[in-house]
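Q: I have a structure open and have not looked at it before. Can we go through some parts of it together?
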Amino acid sequence: MSASSTPQPAAPSSVRRRYAIVGLGSRHELYQDGIEKAHAATAQLVGLCDVNAGRVELARRRSAKNGATVPPGYLAADFGRMLTEAKPDTVIVTTVDATHHDYLIRAMEAGCDVITEKPMTTDAEKCRRVLATQRRTGRCCRVAFNYRYAPPRSQVKDLLMSGVIGDVLSVDFHWLLNTHHGADYFRRWHSKKEHSGGLLVHKSTHHFDLVNWWLGAMPVSVMATGKREFYTAATARRMGLTGPHERCCTCPEKSQCGFALDLSASPSLKALYGDQEVHDGYFRDRCVFRDDIDIEDTMNALVTYDTGATLSYSLNTFNAWEGYTVAFNGTQGRIEHSMVESVYVNGTETVQGGIADGGVTIRVIPLRGEARTIVPWSAEGDHGGGDRLMLEDIFLPNPAVDKYIRAADERAGACSIAVGIAANHSLQTGAGVKVADLLPDLVRPDYAPMPSRTASLPMPGRTS
Ligand SMILES: NC(=O)c1ccc[n+]([C@@H]2O[C@H](COP(=O)([O-])OP(=O)(O)OC[C@H]3O[C@@H](n4cnc5c(N)ncnc54)[C@H](O)[C@@H]3O)[C@@H](O)[C@H]2O)c1
């Protein structure tokens with residue numbers, strides 16, 4: 001993972017901040033290693049909790065490997081006991097999306113601060129409850145929007161703040177997942193809206209948060225379309241299969257299927273999921289063409305913002321290319337930015353379609369004159385270096401003042417899922433949805449100052 005592997009000398013436990021983690025799947029490893037390695041001087045892990053007894057033990061063994069004191073493990077039914085016995089200052093929630101709210105609410109009620117993985121939660125009612133609990137308890141609720149920290153995205157924020165293209169009037173944002181990464185959402189809990197909220201919540205929460213934060217704006221209304229047309233039984237048949245079948249490891253057609261995932265071939269997938277399924281029946285390798293999948297694989301949304309800006313957004317999950325393109329159309333010009341992302345599901349870090357320009361491009365095109373290609377900022381580590389920078393912002397006791405205000409709280413968490421939740425409602429009714437009708441108590445997050453939309457504008461030079 002991206003956190004430094006060099007253990008730091010630990011301060012006395014009395015001055016280190018106490019963390020507990022609930023949800024011990026793949027994502028939790030970032031936080032466990034962050035606490036027990038790079039940030040061991042100021043942080044300590046005092047409790048580990050999951051529904052799956054096998055993953056609790058695996059995480060405890062990870063602590064031993066990290067050279068840290070092995071924290072006590074708790075089953076999910078004993079989460080309350082963990083809070084009482086382990087006395088964490090902060091609870092980190094990395095469970096299945098639809099269960100985040102329950103742990104956030106119980107931890108804040110018990111006097112803990114909380115950090116939650118995205119999405120903060122999956123529907124409007126749960127979101128209202130998280131917001132109300134935070135207001136009542138006054139606890140700090142942080143949402144881990146690591147995408148904001150990827151250097152090129154911070155650089156785009158910097159350009160927008162500089163006013164180089166004036167006021168942003170519209171945004172075109174298109175995110176593509178290839179058939180390694182994209183397919184993975186159709187194999188497991190993400191494939192059911194009751195667990196993930198669908199990809200307009202689970203995945204797009206990153207993208208809608210980026211737009212909210214880039215523009216410093218609040219979403220007002222959403223109109224969406226969506227369909228599932230690729231990860232279907234019909235596609236399996238068109239590819240010459242007779243399936244769908246239940247899961248890859250027992251599939252009679254696995255040798256012919258280009259989507260088969262062999263858990264036993266990856267030591268980390270086998271240890272984390274294959275070896276632990278006896279405890280809870282969580283199969284990590286379910287067929288991506290199953291009939292019971294109820295999430296979309298192709299999604300579009302039109303969003304309006306309180307600044308007057310509009311967004312045209314799409315998410316495609318079965319592409320030949322993985323990455324995104326975004327363009328900001330402003331009163332003084334246009335910013336274009338694109339990034340190629342790499343595949344990681346099977347441990348294959350290959351990039352389909354190859355990488356040009358180092359995989360990241362940023363251009364500023366004024367209304368008149370030449371376009372400027374900008375050298376992108378970069379950093380090492382997962383999610384474009386964003387994970388490591390976010391961990392520093394979370395775990396360092398006195399992080400540097402951040403002029404981009406990348407740390408996100410429950411207000412930003414709510415504003416981002418508000419778009420996806422409204423999009424889900426729009427899919428059901430076919431009509432546009434006003435965000436305030438679903439989430440009347442949204443509060444504007446702290447945003448860095450953006451160019452004034454009423455300041456006078458220079459007249460562009462005449463077209464010759
Ligand atoms: N920010 C990012 O880039 C990023 C990347 C990956 C995942 N995530 C988020 O991290 C979270 C975890 O994802 P993951 O990929 O690790 O999934 P995972 O399936 O690997 O792990 C989920 C874990 O939660 C446990 N769990 C399920 N229900 C539970 C409950 N009710 N109580 C306690 N534990 C429960 C499971 O047993 C499992 O160990 C999700 O919210 C996901 O959206 C974020």
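Q: Which residues does S338 touch, leaving out those up to four places away in sequence?
A: S338 touches Y324, T325, G359, V360 and T361. This is a predicted model, so the atom positions behind those contacts are predicted too.

Q: Which residue's side chain makes a polar contact with the side chain of S338?
A: That is T361, at 2.5 Å.

Q: And where does S338 lie, in terms of strands?
A: S338 is part of strand β12, which covers residues 333-340.

Q: Is S338 buried or exposed?
A: S338 counts as buried, because its relative accessibility is 17% and the cut-off for buried is under 20%.

Q: How far is S338 from V171, going by C-alpha atoms?
A: The two C-alpha atoms are separated by 13 Å, while the residues are 167 places apart along the chain.

Q: Switching to another serine, S416. Which helix is that in?
A: S416 sits in helix α15, made up of residues 410-429.

Q: Buried or exposed, S416?
A: Buried, with a relative accessible area of 0%.

Q: What does S416 touch, again without residues up to four places away in sequence?
A: The contacts of S416 are F145, T205, F208, D209 and N212. With T205 there is also a polar contact between the two side chains, at 2.5 Å.

Q: New topic, the ligand. How many residues surround the ligand, and which are the closest?
A: The ligand is surrounded by 28 residues, and the closest are D50, D97, Y103, Y273 and Y282.

Q: How does that shell divide into nonpolar, polar and charged?
A: The shell around the ligand has 10 nonpolar residues, 11 polar ones and seven charged ones.

Q: Which N or O distances from side chains to the ligand can you give me?
A: An N or O atom in the side chain of R55 is 2.6 Å from an oxygen atom of the ligand. For D97, the distance from a side-chain N or O atom to a ligand oxygen is 2.5 Å. Y103 has a side-chain N or O atom 2.6 Å from a nitrogen atom of the ligand.

Q: How much of the ligand's accessible area does the protein cover?
A: On its own the ligand has 850 Å² of accessible area, and the protein covers 90% of that.

Q: Why does the ligand lie between domain 1 and domain 2?
A: Because both domains give residues to the shell around the ligand.

Q: What are the domains in the protein chain?
A: The domain assignment gives domain 1 (13-145), domain 2 (147-230 + 293-379 + 409-438) and domain 3 (245-280). The contact between domain 1 and domain 2 takes 18 residues from domain 1 and 22 residues from domain 2.

Q: How far apart are the C-alpha centres of domain 1 and domain 2?
A: They lie 28 Å apart.

Q: Back to helices. How many residues of α14 are buried?
A: Seven of the 10 residues in α14 (residues 386-395) are buried, so the helix is largely enclosed by the rest of the structure. The buried ones are G386, D387, M390, L391, D393, I394 and F395.

Q: What do the buried residues of α14 pack against?
A: They pack against α1 and the strands β1 (17-22), β4 (90-93), β5 (113-117) and β6 (141-144).

Q: And α1, how many of its residues are buried?
A: In helix α1 (residues 28-38), 11 of its 11 residues are buried. Among them are H28, E29, D33, E36 and K37.

Terms used:
Residues are numbered from 1 along each chain as its sequence is written. This is a predicted model: local features need pLDDT of at least 70, side-chain atom pairs count only at pLDDT 80 or more; totals for chains, interfaces and linings use all residues. Side-chain values use heavy atoms; hydrogens and water are left out. Helices (H or I, at least four residues) and strands (E, at least two) are DSSP runs, numbered from the N terminus. Buried means under 20% relative accessible area, exposed over 50%, partly exposed in between (1.4 Å probe, protein chains only). A polar contact is a pair of N or O atoms within 3.5 Å; within protein, one must be able to donate a hydrogen and the other to accept it, and residues adjacent in sequence count only if both atoms are side-chain atoms. Contact means heavy atoms within 4.5 Å. A residue is near a molecule or strand if one of its heavy atoms lies within 4 Å of it. Accessible areas come from the Shrake-Rupley method with a 1.4 Å probe; for residues, only the protein chains shown count as cover. Ala, Val, Leu, Ile, Met, Phe, Trp, Tyr, Cys and Pro count as nonpolar, Asp, Glu, Lys and Arg as charged, and the others, Gly among them, as polar. Domain bounds come from an automatic or database domain assignment.
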